[in-house]
Amino acid sequence: MPRHVSDTQQAECRVGIISDTHGLLRPEAIVALQGSDLIIHAGDIGNEAVLVSLTGIAPVFAVRGNNDHGNWAEKIPGARLVKAGENLLYVLHDLKELDGAPAGDKWAAVIAGHSHRPLVQERQGVLFINPGSAGPRRFRLPVTIARLNIRGRHLEATIVDLGPGGGDASGKKAGG
């Protein structure tokens, strides 16, 4: 269980979720994250400049990824809890490092990056979100972020494709 807990008290909250930028903050990502009340970066940030740019949009809560090294990265926790309204969001970089099965009475969502594969899926009352990768394109995977809209205890996540034409990547949506 991470000791790093961040808190936002808003009952309604728009969370922008980004991961695996690897030092590249695309203009399309900046546009897509506009209007966020807070931003979560799920690791493999690449450099501190990415976080500085994101803080110009909204408060940023980041975790360190396996490719984040150096003095700037040592200050960033490997996992953290973010309290958004009434909900606890567990954030880590690699889902394989999750200790035990999460329970819906503990966390509303688990947010992870690492695989570069976007995912929104509910499992046993917990919403799992991987925003995919917003950095350099890898193989044929899409370049994406995620949006999480919170209203009280209701969460709705959407994957946003940053590629040509924008829009939702395969229309993936889930909420509880």
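**View 1. E48 and K75 pair up in a salt bridge.** E48 is partly exposed, at 39% relative accessibility (buried means under 20% relative accessible area, exposed over 50%, partly exposed in between, with a 1.4 Å probe and protein chains only). The side chains of E48 and K75 meet in a salt bridge of 3.6 Å, N to O (a side-chain nitrogen of Lys or Arg within 4 Å of a carboxyl oxygen of Asp or Glu). K75 sits in the loop between α3 (71–74) and β5, and E48 in helix α2, so the pair ties together parts 27 residues apart in sequence. Helices (H or I, at least four residues) and strands (E, at least two) are DSSP runs, numbered from the N terminus. K75 is exposed, with a relative accessible area of 61%. This is a predicted model: local features need pLDDT of at least 70, side-chain atom pairs count only at pLDDT 80 or more, and totals for chains, interfaces and linings use all residues. Residues are numbered from 1 along each chain as its sequence is written, and side-chain values use heavy atoms, without hydrogens and water.

**View 2. D37 and R14 form another salt bridge.** Their side chains meet at 3.3 Å, N to O. D37 lies in the loop between α1 and β3 and R14 in strand β2, so the pair ties together parts 23 residues apart in sequence. R14 is partly exposed, with a relative accessible area of 45%. The whole structure has two salt bridges. Side chains of opposite charge can pair when their charged atoms come close.

**View 3. Helix α2 has three named buried residues.** Which residues of α2 (48–55) are buried? They are V50, L51 and L54. They cover an arc of only 95 degrees around the axis, which puts them on the same side of α2 (the arc is that of the directions from the helix axis to the C-beta atoms). An α-helix has 3.6 residues a turn, so residues three or four places apart point the same way. The cover over these buried residues includes β2 (12–18), α1 (27–33), β3 (38–41) and β4 (60–62). N47 caps the N-terminal end of α2, with a side-chain oxygen 3.1 Å from the backbone nitrogen of A49.

**View 4. K83 belongs to strand β5.** The strand spans residues 79–84. K83 is partly exposed, with a relative accessible area of 29%. The C-alpha atoms of K83 and W107 are separated by 9.5 Å, and the two residues are 24 residues apart along the chain.

How values were computed:
Contact = heavy atoms within 4.5 Å. Polar contact = N/O pair within 3.5 Å; in protein donor to acceptor, adjacent residues only side chain to side chain.
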